[in-house]
Amino acid sequence: MNDIWSIEKIQEILPQRYPFLFIDKVLEVNKEQGKVVCIKNFTINDYFFAGHFPANPVTPGVIIIEALAQASIILYAALKPEIAARHPDYYLGKVEVKFLKPVKPGDQLVLEVKKEKAMANAGIVKAMAKVNNNIVAEGTIVFGVKEKQ
Amino acid sequence: MLEEMKAKIKTIVSEILEVPQDKLSDEARFFEDLNVDSMMALEIVASIEKKLKIVIPEEEIPKLRSLKNVFESLDKLMMK
């Protein structure tokens, strides 16, 4: 079952906002396969390019990790909608990611996240980021989910 | 359970928790004694599944509260 999400629906699930929302669109939500595909477009107007680096704009690796982590929340919300509806806190536990190619202004980052494990209070995903079908970063993300008191 | 398999599981748990094997007793309670959180617990489960090529059902995970519990649960799972 495929399901394309608009930015409005993304904002219902993700607590992040400008300047820290790194999902523009959700292209695919596949609950059966435990997989989502999301998109983040980078432009020279993005604030971090002014400093990272002057005269050599490159997307910071931590921002790519953040985009993959936000895609993981979308996946979690698709798999555990009843928990996501209560807007829990999501936090990163452990990240192991390899960076293979630089991501530049104008690049469209395709974020693919697949479930390894999803429980009520934690999850593990395999995450991959691509530009023009080339893998630019891939790895594993472990995250926690905690209901607000 | 075979000692060899127990040793494998102990190695996995020791690596994820960063606790030396000689300080990791079979009875030590993951949450109370070893400060394991839900994310580390899930990492242990995923790693055991991958390395021992078995599937641990979700409802079994909350029962894994010490190495001894892990050995007992896996014994039951492998008998099925």
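Residues are numbered from 1 along each chain as its sequence is written, and chains are lettered from A, with ligands numbered from 1, in the order in which they are written. Because the model is predicted, local features need pLDDT of at least 70 and side-chain atom pairs count only at pLDDT 80 or more, while totals for chains, interfaces and linings use all residues.

**View 1. The contact between chain A and chain B.**
Chain A brings 11 residues to the contact and chain B brings 9 residues. Two residues are in contact if their C-beta atoms, placed from the backbone, lie within 7 Å. On the side of chain A that touches chain B, the elements giving two or more residues are strands E3 (89–99), E4 (108–118), E5 (122–131) and E6 (134–146) of chain A. E6(A) gives the most, with 3 residues. Helices (H or I, at least four residues) and strands (E, at least two) are DSSP runs, numbered from the N terminus. By class, this side of chain A has 5 nonpolar, 3 polar and 3 charged residues. Here Ala, Val, Leu, Ile, Met, Phe, Trp, Tyr, Cys and Pro count as nonpolar, Asp, Glu, Lys and Arg as charged, and the others, Gly among them, as polar.

**View 2. Helix H3 of chain B and what covers it.**
Helix H3 (residues 38–52) of chain B has 15 residues and reaches 21 Å from its first C-alpha to its last, close to the 21 Å expected at 1.5 Å a residue. The expected span is 1.5 Å times one less than the number of residues in the helix. Among the buried residues of H3(B) are B:Met39, B:Leu42, B:Ile44 and B:Ile48. A residue is buried if 20 or more other C-beta atoms lie within 10 Å of its own, exposed if 12 or fewer, and partly exposed in between, with C-beta atoms placed from the backbone. The cover over the buried residues of H3(B) includes E3, E4, E5 and E6 of chain A, together with H1 and helix H2 (30–33) of chain B. Just after H3(B), B:Lys53 has a positive phi of about 55°.

Helix H4 (residues 67–79) of chain B has 13 residues. B:Leu67, B:Val70 and B:Leu74 are buried in H4(B). Seen down the axis of H4(B), these buried residues fall within an arc of 50°, so they line one face of the helix. The arc is that of the directions from the helix axis to the C-beta atoms. The face turned away from the buried side of H4(B) carries the exposed residues B:Asp75, B:Lys76 and B:Met79. The buried residues of H4(B) pack against helix H1 (3–17) of chain B. After H1(B) comes B:Glu18, whose phi is positive, near 55°.

**View 3. Paired strands of chain A.**
Two strands pair if DSSP finds at least two bridges between them. E1(A) and E2(A) are antiparallel and pair over 5 bridges, with A:Val36 in E2(A) as the bridge partner of A:Val29. In their hairpin, which has 4 residues between the strands, A:Gly34 takes a positive phi near 60°. E2 (residues 35–41) and E4(A) also pair in the antiparallel sense, over 7 bridges; A:Asn41 stands opposite A:Gln108 in E4(A). E4(A) and E5(A) run antiparallel and are joined by 8 bridges, and their hairpin has 3 residues between the strands. A:Leu111 stands opposite A:Ala129 in E5(A). E5(A) and E6(A) pair in the antiparallel sense over 10 bridges. The hairpin of E5(A) and E6(A) has 2 residues between the strands, and A:Asn132 in the turn has a positive phi of about 50°.

**View 4. The largest nonpolar core.**
A nonpolar core is a set of buried Ala, Val, Leu, Ile, Met, Phe, Trp, Tyr and Cys residues joined through C-beta atoms within 7 Å. The largest such core has 58 residues, and those touching the most other members include A:Ile23, A:Val36, A:Ala67 and A:Leu111. Helix H2 (residues 61–79) of chain A gives the most to this core, with 12 residues.
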